[in-house]
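Subject: Structure handover

Hello,

Here is the structure I said I would pass on. My notes follow below it.

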Amino acid sequence: MTTLDAPSPLRDACLAMTGPERIRQLETEGFVVIGGALSPEEIAALKAEYETLPMRPSFFTDKPAFAQVPPHTHGPETARLIGNPRVLPFARELMGDDLVFMHSFYILSHPGAPELEYHTDFQPFGSTYSQWLESCPLRLRVLYYLDDTGTDRSALKIIPRSHICWHSDAQPYRRYKDHPDAVTLPLKAGDAFVFATRLFHGVGPNTTEQTRGMIEIDYRPAWARPYGPVPNWTPEQLKHVPEELMPMVADRNRTDFAWEFDTKRQAVDIAAPGLSPARWEN
């Protein structure tokens with residue numbers, strides 16, 4: 001079985017971070033790794049749930065690699081993952097308490113899967129593939145790994161700090177075959193890779209005989225609604241979602257303010273600690 005074939009100092013550094021250090025890492029570098037986000041028992045339960053999840057080919061393989069339906073609509077294990085207590089508190093510390101769940105997805109990387117180019121998951125003007133789903137001005141994506149990656153089993157590749165680049169080379173619809181500052185980041189089963197969707201990232205090839213599974217979960221703050229409307233979940237799609245998560249899940253178009261801007265709008269008299277870089281330290 002493939003395991004981490006070498007120490008990963010970058011992963012280890014993330015695992016040793018305090019809460020404020022994680023926030024600084026995410027905001028400045030564009031990503032952070034949370035180890036042990038899934039237990040071995042949870043991984044086994046998720047894999048069992050996905051045995052009946054309908055899959056389809058993807059743009060890079062004819063094998064069944066992409067889920068046909070959002071996995072949280074298929075079973076309770078993924079639905080509960082939306083409220084993962086090892087990850088959701090960090091998302092709220094980072095973006096505020098009022099979050100909206102936007103998306104879940106399941107991807108398999110089979111033996112022989114090719115390398116995937118560097119790209120972003122941010123489509124500010126929509127796209128033919130995702131319509132308005134990836135147009136939110138601020139969005140956090142969590143990748144849960146169900147298998148070790150190593151450097152030979154579809155390892156994640158990232159370009160740190162690319163999410164804050166102002167140059168036209170960071171145009172979010174562009175894709176790159178390679179980049180001199182890219183970093184390969186092997187991860188362990190149970191790791192959560194949490195990143196800003198503007199971060200350029202790719203995937204290495206799978207040259208092993210094992211398949212790698214990965215789950216995507218997306219959140220946004222309530223103010224950062226998509227540029228255009230996205231379909232809301234039907235009652236049938238929400239049947240597995242725990243009741244306590246429904247305020248975050250029920251309306252993907254929800255926002256917390258009026259879009260008409262009034263220059264005379266009354267100022268809010270609060271301390272707004274979330275605006276201060278001091279939260280990196282305290």
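A residue counts as buried when its relative accessible area is under 20%. The model is a predicted one, and the notes below should be read with that in mind.

Cysteines

Cys14 has a relative accessible area of 0%, so this residue is buried. Cys136 also counts as buried, because its relative accessibility is 0%. A search for disulfides through the whole structure returned zero.

Helix H2

Helix H2 spans residues 19–29, and its buried residues are Arg22, Ile23, Gln25, Leu26 and Glu29. After H2 comes Gly30, which has a positive phi, near 100°.

Helix H3

In helix H3, residues 40–50, the buried residues are Ile43, Leu46, Glu49 and Tyr50. They lie on the same side of H3, because the arc they cover around the axis is only 125°. The partners against which the buried residues of H3 pack are helix H4 (76–81) and the strands E4 (99–109), E6 and E11 (212–221).

Aromatic rings

How many aromatic pairs are there? The count comes to 10. One of them is Phe60 with Phe66: the ring centres are 5.9 Å apart and the planes are at 70°, and an angle over 60 degrees makes a pair edge-to-face, so this pair is edge-to-face. Phe60 is buried, because its relative accessible area is 17%, and Phe66 is buried as well, with 6%. Phe193 and Phe195 make a tilted pair, because their planes are at 35°, with the ring centres 5.3 Å apart. Both Phe193 and Phe195 are buried. Phe60 and Phe66 also belong to one aromatic cluster, together with Phe59 and Phe105.

A charge over a ring

What sits over the ring of Trp233? The charged end of Arg252 does, at 3.9 Å from the ring centre.

Regards

Terms used. Residues are numbered from 1 along each chain as its sequence is written. This is a predicted model: local features need pLDDT of at least 70, side-chain atom pairs count only at pLDDT 80 or more; totals for chains, interfaces and linings use all residues. Side-chain values use heavy atoms; hydrogens and water are left out. Buried means under 20% relative accessible area, exposed over 50%, partly exposed in between (1.4 Å probe, protein chains only). Helices (H or I, at least four residues) and strands (E, at least two) are DSSP runs, numbered from the N terminus. A disulfide is a pair of cysteine sulfur atoms within 2.5 Å. The arc is that of the directions from the helix axis to the C-beta atoms. Contact means heavy atoms within 4.5 Å. Rings of Phe, Tyr and Trp (its six-membered ring) pair if their centres lie within 6.5 Å; planes under 30 degrees apart count as stacked, over 60 as edge-to-face and the rest as tilted. A charge sits over a ring if NZ of Lys or CZ of Arg is within 6 Å of the ring centre and within 35 degrees of the ring normal.
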